[in-house]
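Here is a short tour of one protein model. Keep the sequence and the 3D view side by side as you read.

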Amino acid sequence: MNRLPQFAIALALLAPASHGATPSAGPIVVELFTSEGCSSCPPADALLSKFRQSGAVEGAEVLILGEHVDYWNHLGWSDRFSSAGFTQRQGEYARRFDLDSSYTPQMVIDGHAELVGNDERGARRQLTLAAHAPKPAKVQLAWRNDGELQVEIQAAGEGDEKVLLAITEDGLSTQVGSGENGGRTLRHSGVVRELREIGSLRHGQFSLVVKAPRRGDWKSENLRAVVFVQKANHGDITGAAALAYPR
């Protein structure tokens, strides 16, 4: 662990819970805060890829978000996938979990639990718990016109949780030329190319057509749109869905 140097081409639908029933579990969102400049991170990146390949835990789909932070960039290697926004998001989690500082690799599961990102046993334990946790927000996604994503959400209660869109790409690799991983070829899955808030639930409802175009060097066959609902102050994630980009 390294701490800071200070209709419907396709549809992903979660069936709603029956009337009066406890909300059913849904997809699990796994965020990994990582960096190509961090020597402890490649095993965590490999673990994230393993979760992507397995697809599900205890019947719950696993949605991976590889968020590359930028605070390693001045230590010998500049990570081309890094963003100050991911560093800021991780900092908010550090405050939420009452940590002394941010660190890499760090895994956050459903906004509810955090652990060292290369701790496979601990991660699987948390994934099993998350697979049985209720997810009251049910998310539907469908592509409309090119680059336009229809998002529909229904949730129990009257919360005003935020709705976020992540665009992820699999099958990426970098030959690192310097820094702690100099000379290595690093392979990544679920790299977050874009993460943004697209709105908030209102009286448990959300409906929006959002633009999510593929950009220059992104490969459509490796892209997914991931939409998730999160409580205020980087709280628990209460629902999510993912949809592959049309080819």
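Is aspartate 98 buried or exposed? The relative accessibility of aspartate 98 is 69%, so aspartate 98 counts as exposed. The cut-off for exposed is over 50%. Keep in mind that this is a predicted model.

Begin with the general rule. Most residues other than glycine have a negative phi, and most peptide bonds are trans. Some places in this model depart from that pattern.

Aspartate 98 sits in the loop between H2 and E6. Its phi is positive, about 60 degrees, although aspartate 98 is not a glycine. Asparagine 233 is another such residue, with a positive phi near 60 degrees. Look for asparagine 233 in the loop between strand E16 (223-230) and strand E17 (237-244). With 66% relative accessibility, asparagine 233 counts as exposed. Then there is the peptide bond from threonine 104 to proline 105: it is cis, with omega near -10 degrees. Proline 105 belongs to the loop between E6 and E7.

## Helix H1

Helix H1 covers residues 41-54. Just after H1 comes glycine 55, with a positive phi of about 85 degrees.

Which residues of H1 are buried? They are Cys41, Pro42, Ala44, Asp45, Leu47, Leu48, Ser49 and Phe51. An α-helix has 3.6 residues a turn, so residues three or four places apart point the same way. The cover over the buried residues of H1 includes E3, E5 and helix H3 (120-131). Strand E6 (103-104), strand E7 (106-109) and strand E13 (185-188) are also part of that cover.

## Helix H3

H3 has 12 residues, which should span 16 Å at 1.5 Å a residue. Its end C-alpha atoms are 16 Å apart, in agreement.

The buried residues here are Gly122, Ala123, Leu127, Ala130 and Ala131 of H3. Among the elements that cover them are H1, E3, E5 and E7. Strand E4 (56-57) and strand E8 (113-116) are also included.

## The largest cavity

The largest cavity has a volume of about 40 Å³. Its lining consists of Leu32, Thr34, Asp45, Leu48, Ser49, Gly66, His68, His188, Ser189 and Val191. By class, 3 of the lining residues are nonpolar, 6 are polar and 1 is charged.

Which elements supply at least two residues each to this lining? Strand E3 (28-34), helix H1 and strand E5 (60-68) do. H1 gives the most, with 3 residues.

## The largest pocket

The largest pocket holds about 310 Å³ of space. How many residues line the largest pocket? There are 14, and Arg89, Lys162, Leu164, Glu197 and His234 lie nearest its centre. The lining divides into 3 nonpolar, 5 polar and 6 charged residues.

Helix H2 (84-96), strand E11 (162-169) and strand E14 (191-200) each supply at least two of the lining residues. H2 gives the most to the lining of the largest pocket, with 4 residues.

## Aromatic rings

The structure holds 3 aromatic pairs. In one of them, tyrosine 93 and phenylalanine 97 are stacked, 5.9 Å centre to centre and with 25 degrees between the planes. Both tyrosine 93 and phenylalanine 97 are buried. Ring pairs also bring in Phe33, linking Phe33, Tyr93 and Phe97 into a cluster.

## Glycine 177

Where is glycine 177? Glycine 177 lies in the loop between strand E12 (172-175) and E13. Its relative accessible area is 61%, so glycine 177 is exposed.

Leaving aside neighbours within four places in sequence, glycine 177 is in contact with Trp77 and Gly182. Serine 78 is 99 residues from glycine 177 along the chain, and their C-alpha atoms are separated by 9.8 Å.

Definitions and conventions
Residues numbered from 1 in each chain as written. Predicted model: local features only at pLDDT ≥ 70, side-chain atom pairs only at ≥ 80, totals over all residues. Heavy atoms only, no water. 1 Å grid on protein atoms, 1.4 Å probe; cavity = no way out; pocket = protein on both sides within 12 Å on 5 of 7 lines; lining within 4 Å. Points joined across faces, edges and corners; volume = space filled by probe spheres on them. Nonpolar A, V, L, I, M, F, W, Y, C, P; charged D, E, K, R; others polar. Buried < 20%, exposed > 50% of the residue type's maximum accessible area, 1.4 Å probe, protein only. Contact = heavy atoms within 4.5 Å. Phe/Tyr/Trp six-rings, centres within 6.5 Å; stacked < 30°, edge-to-face > 60°. Expected span 1.5 Å × (residues − 1).
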